[in-house]
Amino acid sequence: MKMQMEKMDDLDESFLNENVKKIVAEIKKGEKIHKTEYIGVELEHFVVTREDKKSVPFFGEQGVNQIMKELLPSFPIMAKEGEYVIGLQCDEYMITLEPGAQLEISISPKKTITEVSFVYQSFRSLIDPILEHYHYELICMGYQPNMSVLEMDILPKKRYYNMDKYFEEQGPYGRCMMRGTASLQVSVDYFNEEDFVKKYRLLNILSPIIGLLADNTPVFEKEENKKYLKRYEIWENADRHRELMIPELFDPDFGYEKYALFCLKPPVINAYDQEEIMYSEETGRNLYASKEIDEKDASLILSMIFPVVRAKNYIEFRIMDARSMEESLPFVELLLLLTGEHAVEVLLEYFNDITVEDMKEAYHVIQKNGYESQIYGKAIRDIISVVFSLVEKVMDKKNFDFLKNLEGMVVR
């Protein structure tokens with residue numbers, strides 16, 4: 001597969017500035033006027049048979065598509081791909097399907113984790129009776145519990161077909177990433193570009209540490225997994241052309257514009273041709289060198305890069321393995337508190353000399369040594385203590401105790 005990776009300065013610049021502005025405008029839409037911190041939650045589940053914990057296929061009379069059809073009467077909005085129901089939406093949340101038929105609930109932004117929990121329980125009250133009928137259940141963990149991705153079909157969605165085609169010839173774990181993983185993703189608000197930069201930098205710095213706390217991948221391809229942060233390893237080996245961290249993150253002028261330029265670097269995989277999705281191995285910079293993008297293009301470009309922390313109309317923290325909602329809520333609250341104004345300032349001062357290379361090294365050290373790691377020139381247990389000390393007095397005690405008990409629990 002030949003990739004079009006020309007340097008940006010070798011190409012016609014006529015449309016570059018306008019296209020960057022369009023992407024920047026899409027990010028700026030996320031700026032909140034209010035000073036109340038909201039947080040969004042996305043949790044992915046595997047739909048599995050109760051008896052042997054094998055994933056339920058999308059197709060068939062008792063497949064995930066049938067479950068979506070049975071949920072349909074409870075939702076005013078649906079999304080279809082041909083004859084198949086692949087998305088459902090109501091006022092409080094949306095249900096979508098990932099490439100391997102992982103079922104994701106995206107809960108609209110809330111002020112408190114109590115509200116998040118209430119909405120999630122509402123969702124479970126709808127789906128659990130349907131699952132019970134088929135002797136299925138939902139499991140939340142980092143990777144498929146009892147199947148190889150080679151045994152699985154991909155969801156009938158053009159965007160996913162394109163990604164499957166592309167990743168087949170990239171890193172060894174591209175298809176594992178699509179079909180096999182499940183995550184907890186938390187979305188954070190920002191108020192302006194300065195606030196965005198501070199929170200984006202801090203969340204990147206914290207990502208290997210919180211990723212370790214959230215580590216929940218005991219199995220990989222039906223075999224015991226003995227590595228920490230397996231999710232990071234999978235993403236790192238999914239596509240050699242997509243970086244997991246922005247090289248310019250700590251540049252003095254890092255902001256919306258440099259993030260937009262970063263988004264145009266890799267092959268796009270998916271792009272719009274009028275209203276239809278098409279496949280392309282061109283970089284965003286090359287593909288749009290003679291075409292001005294629109295709002296729809298900008299939104300797709302932002303969604304087709306996969307750093308550990310991603311920007312859309314919000315900052316999306318993406319490195320945590322899926323856990324049950326009960327176990328996910330402590331992480332949601334932790335991130336809500338750590339992105340408050342005071343905590344951001346304190347922690348950025350504490351981590352005042354970190355580089356992108358330091359963050360990459362941190363991931364690799366933690367993969368080997370877990371809670372015994374030395375990262376950023378400090379023992380990771382000491383870093384965790386500093387982080388916990390900022391939230392201990394204001395965090396729900398049950399949630400705080402859960403996080404404290406995680407430290408050192410997992411033995412690999």
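Cys140 is a buried residue, with a relative accessible area of 15%. The model it belongs to is predicted. The chain holds 15 helices and 15 strands. Its radius of gyration is 21 Å, close to the 22 Å that the globule rule gives for 412 residues, so the chain is as compact as a globular protein of that length.

**The chain as a whole**

- Taken along the principal axes, the C-alpha atoms of the chain fill a box of roughly 55 × 55 × 45 Å.
- Of the 412 residues in the chain, 56% are buried.
- Among contacts with a separation of 6 or more, 74% are between residues 24 or more positions apart.

**Cysteines**

- A disulfide is a covalent bond between the sulfur atoms of two cysteines.
- A search of the whole structure finds 0 disulfides.
- For Cys140, the closest cysteine sulfur is in Cys90, 18 Å away, which is too far for a bond. The cut-off for a disulfide is a pair of cysteine sulfur atoms within 2.5 Å.
- Cys263 is also a buried cysteine, with a relative accessible area of 4%. Both this value and the 15% of Cys140 are under the 20% that marks a residue as buried.

**Helix H14**

- Helix H14 covers residues 380–391, which makes 12 residues.
- From its first C-alpha to its last, H14 reaches 17 Å, close to the 16 Å expected at 1.5 Å a residue.
- The buried residues of H14 are Ile380, Ile383, Ile384, Val387, Phe388 and Val391. They cover an arc of only 130° around the axis, so they are on the same side of H14.

**Leu88 in strand S3**

- Strand S3 spans residues 84–89, and Leu88 is one of its residues.
- Leu88 is buried, with a relative accessible area of 1%.
- With its neighbours within four places in sequence left aside, Leu88 is in contact with Met68, Leu71, Leu72, Phe75, Ile77, Met78, Tyr93, Met94 and Ile95.
- Pro76 is 12 residues from Leu88 in sequence, and the two are 7.9 Å apart in space, C-alpha to C-alpha.

**Tyr371 in a loop**

- Tyr371 sits in the loop between helix H13 (356–369) and strand S14 (374–375).
- With 5% relative accessibility, this loop residue, Tyr371, counts as buried.
- Leu213 is 158 residues away from Tyr371 in sequence, while the C-alpha atoms of the two are 9.1 Å apart in space.

**Positive phi in residues other than glycine**

- His135 has a phi near 60°, which is a positive value in a residue other than glycine. His135 is placed in the loop between helix H3 (113–134) and strand S6 (136–139).
- Glu221 is not a glycine either, and its phi is positive, at about 50°. Glu221 is found in the loop between strand S8 (219–220) and strand S9 (223–224).

Terms used. Residues numbered from 1 in each chain as written. Predicted model: local features only at pLDDT ≥ 70, side-chain atom pairs only at ≥ 80, totals over all residues. Heavy atoms only, no water. Helix = DSSP H or I, 4+ residues; strand = E, 2+ residues; numbered from the N terminus. Expected span 1.5 Å × (residues − 1). Buried < 20%, exposed > 50% of the residue type's maximum accessible area, 1.4 Å probe, protein only. Arc of directions from axis to C-beta. Rg over C-alpha atoms; globule rule 2.2 N^0.38 Å. Contact = heavy atoms within 4.5 Å.
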